[in-house]
Amino acid sequence: MTLSILDLAPITSGHTAADALRNAIDLARRAEEYGYRRYWVAEHHFAPGVASSAPAVLIALVAAATRTIRVGSGAVQLGHRTPLSVVEEFGLVDALHPGRIDLGLGRSGQRRAELAAGPAPAGPATGTRADRVVDGLLIPPPFDWSRLAGHPQLVHQASLLQQPGAETPDFAGQVDDVLAFLNGTHRAHAVPGEGADAQVWILGSSGGQSAQVAGERGLPFAANYHVSPSHVLEAVEAYRAAFKPSAELAEPYVLVSADAVVADDEARARKLAEPYALWVRSIRTGAGAIPYPTPEEAAAHTWTAADRELVRDRVDTQFVGTPRAVAERLRVLRRVTGADELLVTTITHDHTDRVRSYELLAEAWDRQ
């Protein structure tokens, strides 16, 4: 199947991290049963509503509970990790589950540190572009992340993610070190890790360094439509333009992410998706993802015009509806981006609704 899953191990309102982790393992087993190709977990920190703070640990638990589905990270934040620690962790998991582990690498840790350091030098205005529709796919204006620069909570969190005085090397150099440790060309040897059969991916939210690094090194690339829908086309275009064939890939390979909620009827799907806007608002105000609300809790929130504008791009690009309708819209996303594969993330308050959403989508995707 050309569909995969990205899971945050969401902690929902009224539940615990232990509940979220048990649900993640259950969902991975169901994903394998439904035929999804991969099951990835994201790395998040200081988020009351997200339990996937240590990808390698969760990946090990999921791999042990499944048999055939590929399991991986979407993505390890290299901004506050060393290449050696990452290779050793994933090498350890690969030793017991060879040929099933994906090592997705992201630059988001560096971006967090850059935001905490303060606003970037003035450049082209962001957030002023109007919506565009490209061959049926909505491309909204970009969200201006600079509004979070210097946020006291963000600055404090960034200081806790690294040792005092530590400086993060350039992302490209870190990726090269990861590859060298894996293939045994580094002057030091990672054990376990060297020779591991983990597939390295690069994740990116724009046409910047991540896309460039992935292309130049001939690695598969995952572009974030669900996080940064405004930049998805430039991200995949930059990757393809930079691509050079490698031992890993003869041609570019693109995976694109999407948020989706599927139910048997439109009204039910809309109801299940109601908390999403409030959840995104918590992230974009610097508070970190809150425990995922119930539809009733979401309905009780009083929205301002500024609040709605804050989350509009994410809400408008979420795929919500019946199985057939969502599958059709996802095929538009795949066609317009030229994606080889789609990575779907679904969050609902009730775990059974989330499992059912993935089941319905898999069935509709197969039928089409």
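A: Helices (H or I, at least four residues) and strands (E, at least two) are DSSP runs, numbered from the N terminus. By that naming, helix H13 covers residues 323–337, and Gly338, with a positive phi near 70 degrees, follows H13. The model is a predicted one, in which local features need pLDDT of at least 70 and side-chain atom pairs count only at pLDDT 80 or more, whereas totals for chains, interfaces and linings use all residues. Residues are numbered from 1 along each chain as its sequence is written, and side-chain values use heavy atoms, with hydrogens and water left out.

Q: What makes the span of H13 close to the expected one?
A: The expected span of a helix is 1.5 Å times one less than its number of residues. H13 has 15 residues, for which 21 Å is expected, and the distance from its first C-alpha to its last is 21 Å.

Q: Why is Thr346 called buried?
A: Buried means under 20% relative accessible area, while exposed means over 50% and partly exposed lies in between (1.4 Å probe, protein chains only). Thr346, in the loop between S12 and H14, has 3% relative accessibility and therefore counts as buried. In H13, the buried residues are Pro323, Val326, Ala327, Leu330, Val332, Leu333, Val336 and Thr337.

Q: What does Thr346 touch, leaving out residues up to four places away in sequence?
A: Contact means heavy atoms within 4.5 Å, and on that basis Thr346 touches Ala260, Val261, Arg354, Ser357 and Tyr358. Thr346 is also 9.7 Å from Pro10, C-alpha to C-alpha, although the two are 336 residues apart in sequence.

Q: How do you know that strand S12 is largely enclosed by the rest of the structure?
A: Five of the five residues of S12 (residues 341–345) are buried, so the strand is largely enclosed.

Q: What makes S1 and S12 paired strands, and in which sense do they run?
A: Two strands pair if DSSP finds at least two bridges between them. Three bridges join S1 (residues 3–7) to S12, and the two run parallel, with Leu342 as the bridge partner of Leu3. Five bridges connect strand S10 (residues 254–262) to S12, also in the parallel sense, and here Val256 stands opposite Leu342. S1 pairs with S2 as well, through three bridges in the parallel sense, and Tyr39 in S2 is the bridge partner of Ile5.

Q: Which residues touch the most other members of the largest nonpolar core?
A: A nonpolar core is a set of buried Ala, Val, Leu, Ile, Met, Phe, Trp, Tyr and Cys residues joined through side-chain atoms within 4.5 Å. The largest one has 107 residues, of which Tyr36, Tyr39, Leu103, Leu105, Val256 and Leu330 touch the most other members. A second core, separate and of six residues, includes Val261, Ala269, Leu272 and Val320.

Q: Why is the pair of Tyr36 and Tyr358 called edge-to-face?
A: Rings of Phe, Tyr and Trp (its six-membered ring) pair if their centres lie within 6.5 Å, and planes under 30 degrees apart count as stacked, over 60 as edge-to-face and the rest as tilted. The structure holds eight such pairs. In Tyr36 and Tyr358 the ring centres are 5.7 Å apart and the planes stand at 85 degrees, so this pair is edge-to-face. Tyr36 is in the loop between helix H1 and strand S2 and Tyr358 is in helix H14, so the pair ties together parts 322 residues apart in sequence.

Q: What makes Trp40 and Trp201 an edge-to-face pair?
A: Their ring centres are 5.1 Å apart and their planes are at 80 degrees, so the pair is edge-to-face. Trp40 belongs to strand S2 and Trp201 to strand S8, so this pair ties together parts that are 161 residues apart in sequence. Both residues are buried, and together with Tyr253 they form one aromatic cluster.
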